[in-house]
Amino acid sequence: MAAKLMQAVQYSSYGEGASGLKHVEVPVPTPKTNEVLLKLEATSINPLDWKIQKGLLRPILLPRKFPYIPCTEVAGEVVEVGPQVKDFKAGDKVIAKLTQQYGGGLAEFAVASENLTAARPSEVSAAEAAGLPIAGLTARDALIDIGGIKLDGTGEPKNVLVTAASGGVGLYAVQLAKLGNNHVTATCGARNLDFVKGLGADEVLDYKTQEGASLKSPSGKKYDAVIHCTAGIPWSTFEPNLSEKGVVVDLTPVLSSMWTFALNKVTFSKKRLVPFIVTVKREGLEHLTQLVKDGKLKTIIDSKFPLSKAEDAWAKSIDGHATGKIIVEP
Ligand SMILES: NC(=O)c1ccc[n+]([C@@H]2O[C@H](COP(=O)([O-])OP(=O)(O)OC[C@H]3O[C@@H](n4cnc5c(N)ncnc54)[C@H](OP(=O)(O)O)[C@@H]3O)[C@@H](O)[C@H]2O)c1
C-alpha cells in the first residue's frame, strides 16, 4: 500500500540559510514502540535550528543525516501511538521535544518519544505551548538547577540578571524569576524596554548604552545568578557585578566559556561561569504548561508563519531581532 504523504520543509546540505529550505512531500513517519505520531499545530524555531544548518554542530554529528527536516519544539494532537505507549491516546493535545538528531518539526506530522511528550491543557493554545519545550525549559532549568533560584517564592529572594530578555529564552527567564519573588535586572534593546518591564523586570538596561554594556544594576545590586541569553560578553564584565557566590549560566557556551569555567575551578573561585545545555524531561514540560494554564507564565509571540512560508520564519530567526517566539503553523 502506498505510504500516506505529508508536506514538509527540509534541507540537504550545510550553510545555505533560508534559501536552502525546500518544500517537499514525504511519507508520514510511523511511530516506533515508545513513540507517538503527532499532527502538528505549531512549531517554534530556535537559534539552535539554524546553527545546526550552518554546520556549527557538525563535530557532534548534527544533523544525523541529510535531507533533514529541522525544528524540535512542537505542539500538536496525538493521532497514533506505538504499541508500548501508556500515557497518551489518539486525540490528546500535547507538547513535545523531538530528537535533535532527526528533527521533524517543520512538517504536518512528526513522531515524538513518549517520555519527551506532555499533556497540553485545553486552556493553553498550540502556539503558546510551542515555546515551552526548549526556550521555556531552558529558562526554568537554568534558574533552578544552576542558579539555585526557587520559582515558588519559598526561597530567599535573590538578585537575578537576564541578558537578552526580549528573546525566546529571556522572556521566560524574567517571568519565572519574578514568580519566585526575586529582584530581576534585564538587558534588551531600546525598543523593548517597556516590553521587558511589562514581563515583570524591576530594572531594565539598554544593551547598546555604556551602562547597559557594563551590566551594572542601576540600584547597585550584585547578581546572585545571571541567565545569560546572548553571546560576546567577557567574564571580566560579569565578574565585578556578581555577589560573593554569584553564578553566570552561559546558554551559548563557546571556547572562552570553557576556559573561564576551568579557570574558576582550578582557582577555587566562588564566583563561577557554568556552561549549560538543557536536558528535556517531561516533569519540566508539565510544570511549565501548568504555569501557563494558571495564568502565571505567558509566551510572547513575535510572529506566526504558515508552513508554506517557513523560510521567512527561518530568516527572521537568523536575523536575531525577534521579540518573543517565532512560530510556524503547519
Ligand atoms: N543552552 C541551551 O540549552 C539553549 C537553549 C535554548 C537557547 N539557547 C541559546 O540561547 C540564546 C538565546 O536564544 P533565544 O531563543 O532567546 O534567542 P532569540 O529569541 O533569537 O533572541 C533575540 C533577542 O535577543 C536580543 N539581543 C541580541 N543581542 C543582545 C544583547 N547583546 N543584549 C541584549 N539583548 C540582545 C534581541 O534584541 P534586539 O533586536 O534589540 O537586538 C532580540 O530581541 C541563543 O544563542 C540560543 O542558541 C541555548
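**Notebook: the ligand site and its surroundings**

I started at the ligand, and of the 30 residues around it, Gly 167, Gly 168, Gly 189, Tyr 207 and His 321 come nearest. I then asked which elements give two or more residues to this shell, and I found helix 1 (47-54), helix 3 (132-146), helix 4 (168-179) and strand 9 (183-188). A reminder to myself: this is a predicted model.

Next I sorted the shell by class. I counted 14 nonpolar and 16 polar residues, with no charged residues. Where does the shell lie relative to the domains? Domain 1 (5-131 + 299-329) and domain 2 (135-275) both give residues to the shell, so it lies between them.

**Entry: the two domains**

I checked the domain assignment of the chain, which gives domain 1 as 5-131 + 299-329 and domain 2 as 135-275. Their C-alpha centres lie 28 Å apart. I looked up the contact too, and it takes eight residues from domain 1 and eight residues from domain 2. On the side of domain 1 that touches domain 2, I noted two nonpolar residues, five polar and one charged.

**Entry: the nonpolar core**

I turned to the largest nonpolar core, which has 92 residues. Which members touch the most others? They are Leu 38, Val 162, Ala 173, Val 174 and Ile 227. Domain 1 and domain 2 both give residues to this core, so the core lies between them.

**Entry: strands 11, 12 and 13**

I followed the strand pairing next. Strand 11 (residues 223-228) and strand 12 (residues 242-250) run parallel and are joined by five bridges. Within this pairing, I see Val 226 bridged to Val 248 of strand 12. Strand 12 also pairs with strand 13 (residues 272-275), again in the parallel sense, over four bridges. Here I found Val 249 opposite Val 274 in strand 13.

**Entry: Val 328**

My last stop was Val 328, in strand 15 (residues 325-329). Is Val 328 buried or exposed? I count Val 328 as buried because it has 28 C-beta neighbours inside 10 Å, and the cut-off for buried is 20 or more. Setting aside residues up to four places away in sequence, Val 328 touches Thr 43, Ile 45, Leu 106, Phe 305, Leu 307, Ala 310 and Ala 313. I also looked at Asp 312, which is 16 residues from Val 328 in sequence and 9.8 Å away in space, C-alpha to C-alpha.

Note on methods:
Residues numbered from 1 in each chain as written. Predicted model: local features only at pLDDT ≥ 70, side-chain atom pairs only at ≥ 80, totals over all residues. Core = buried A, V, L, I, M, F, W, Y, C linked by C-beta atoms within 7 Å. Buried ≥ 20, exposed ≤ 12 C-beta atoms within 10 Å, placed from the backbone. Domains from an automatic or database assignment. Pairing = 2+ DSSP bridges. Near = placed C-beta within 6 Å. Nonpolar A, V, L, I, M, F, W, Y, C, P; charged D, E, K, R; others polar. Contact = placed C-beta atoms within 7 Å.
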